[in-house]
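Welcome, and thanks for taking a look at this one with us.

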Amino acid sequence: MKSVIKSSAIGLLLLLTFSVSLSAESGIRTSTAQLLLQQDPGKYGSDSATCVMNLSLYREFYKQWRASGFTSKAVYDALTPWRWVFLNCPAASQNTYIDGAAIMEYFMKKEKSEEAKDKYVDTLLMIHDQRIASFGREGFVLGRKGSDLAKYRPDAYKQAYPIFKRSVELQGNESESFVLAYYFRSVTRMVDDGSLEKITVVEVYDQLMQIVDFNIQASKNDAEALASWQNVKGSIDVSFEPYATCEDLIGIYQTKFDQTPNDVELLKKMTAMLDSKGCTDSDLFFHASVKLNELEPSPNSSLMIGKMLIKKEKYTESLPYLEEALKIDNEILKADILFMISNVYRQLKNYPTARKFALQSLEIKPNNGQVFISIGDMYASSAHDCGDNDLTKKVAYWAAVDKYARARQVDPEVAEIAQGRISTYSQQFPSSETIFFYDLKEGDDYTVECWINERTKVRAVK
């Protein structure tokens, strides 16, 4: 088989040489070599004819090797002309580097000697460097170089780190998914051995997640690419987990915050990271959010602060932030904020104002059963305060049950809760005797006064 391949190579060489001579004599035929030289004679080096010949030779053998599923011996015949092209006309073709990397990896994997394997790795890295020098695409090629270094010399993570760093800086969202995984691994190893500060893990994680999330979104219609990016996201998340405890993150960020409390970009990254990792109960998160809102007010940051103040039961203090958050450009979220404000006023026992905001929320999300339940609860809580006799101290329960029934009707998710309230508060209805005593009968229209001021139907306890 090998003799057949060599014969083919010699035949190709003779064909190229013969074509050049024939073309010069007759002017009728144009050789492959001349066509290539006419495109860019400079890129084929000082001995352009030999360059074109070796380029064609190695490519022919390489194609045979590839067609065999990378199992045939043609790769051995490709090696010598490939090396000549690599050394003598490096700008001839990008294939020199793409194919060369595959050839070096093939021979490296077949080697038994670790010393010999290491030399192939050196050659592989040199191939990447010369590719950049000849054809540019620095960010892309550095990603490949760093990945090969990490793959074949896993303990060389300190050398790989700046290669990956530069690659990602240049490539951004165009970075290849596996490059990000290798990069993050080099960062965590350097943090573990003390070569980098812990903050670097957080900063690089934030940088890479932005790239990953961009590509996940961009790959929605490509199942294979989407799976690849999701796998990388999972891998980086797992690697980050040991550094992502609230205690660690607060320890890392507290020093930075104390040093540069007015750094808007730092504040954004800090609050986003603490929020994503569930560290929102910390004082650092609260103070950073307040500072960010002072420096760069926004409905989102106002909402975040309002929520935190509610958790701290500082209801009155939360209201200005929540009202500022209503400027948000999202109607569904606006409805939720209105309901949040309603609940704050409910905690403050200001039921009329609480209902006003609850109804505004329903104007946007009319099927939110939770809002109807909340209004019903306020009616039920007001029952005794809104009456002065056996009847009027009970009538608010009619209005409350109306709201629970409405909640059950519009929102199946709260149907069970609503039914429970109906069962409970129906037992608080006035008796038939009380209704009769006040000259009413079941089914009559009735207006519940006090702050409620709502029409309902007369009903007796069953």
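**Pocket and cavity linings**

Sorted by class, the residues lining the largest cavity are two nonpolar, five polar and one charged. Please bear in mind that this is a predicted model.

**The cavity**

- The count of cavities of 30 Å³ or more comes to one.
- The space in the largest cavity is about 30 Å³.
- Around the largest cavity you will find Gly 139, Phe 140, Gly 143, Ser 167, Gln 171, Ser 175, Glu 176 and Val 179.
- At least two lining residues of the largest cavity come from each of H7 and helix H8 (157-171).
- H7 gives the largest share of the largest cavity's lining, with three residues.

**The pocket**

- The largest pocket holds about 250 Å³ of space.
- Its lining is made up of 14 residues, and those nearest the centre of the largest pocket are Ala 101, Glu 105, His 128, Arg 144 and Asp 148.
- By class, seven residues lining the largest pocket are nonpolar, two are polar and five are charged.

**Helices around the pocket**

- Four helices each bring at least two residues to the lining of the largest pocket: H5 (95-110), H6 (114-135), H7 (138-152) and H9 (177-192).
- Which helix supplies the largest share of the largest pocket's lining? That is H5, with five residues.

Terms used: Residues are numbered from 1 along each chain as its sequence is written. This is a predicted model: local features need pLDDT of at least 70, side-chain atom pairs count only at pLDDT 80 or more; totals for chains, interfaces and linings use all residues. Side-chain values use heavy atoms; hydrogens and water are left out. On a 1 Å grid over the protein atoms alone, a cavity is a set of points where a 1.4 Å probe fits but cannot get out, and a pocket is an open set with protein on both sides within 12 Å along at least five of seven lines; lining residues have an atom within 4 Å of a point. Grid points are joined across faces, edges and corners, and a volume is the space filled by probe spheres set on the points. Ala, Val, Leu, Ile, Met, Phe, Trp, Tyr, Cys and Pro count as nonpolar, Asp, Glu, Lys and Arg as charged, and the others, Gly among them, as polar.
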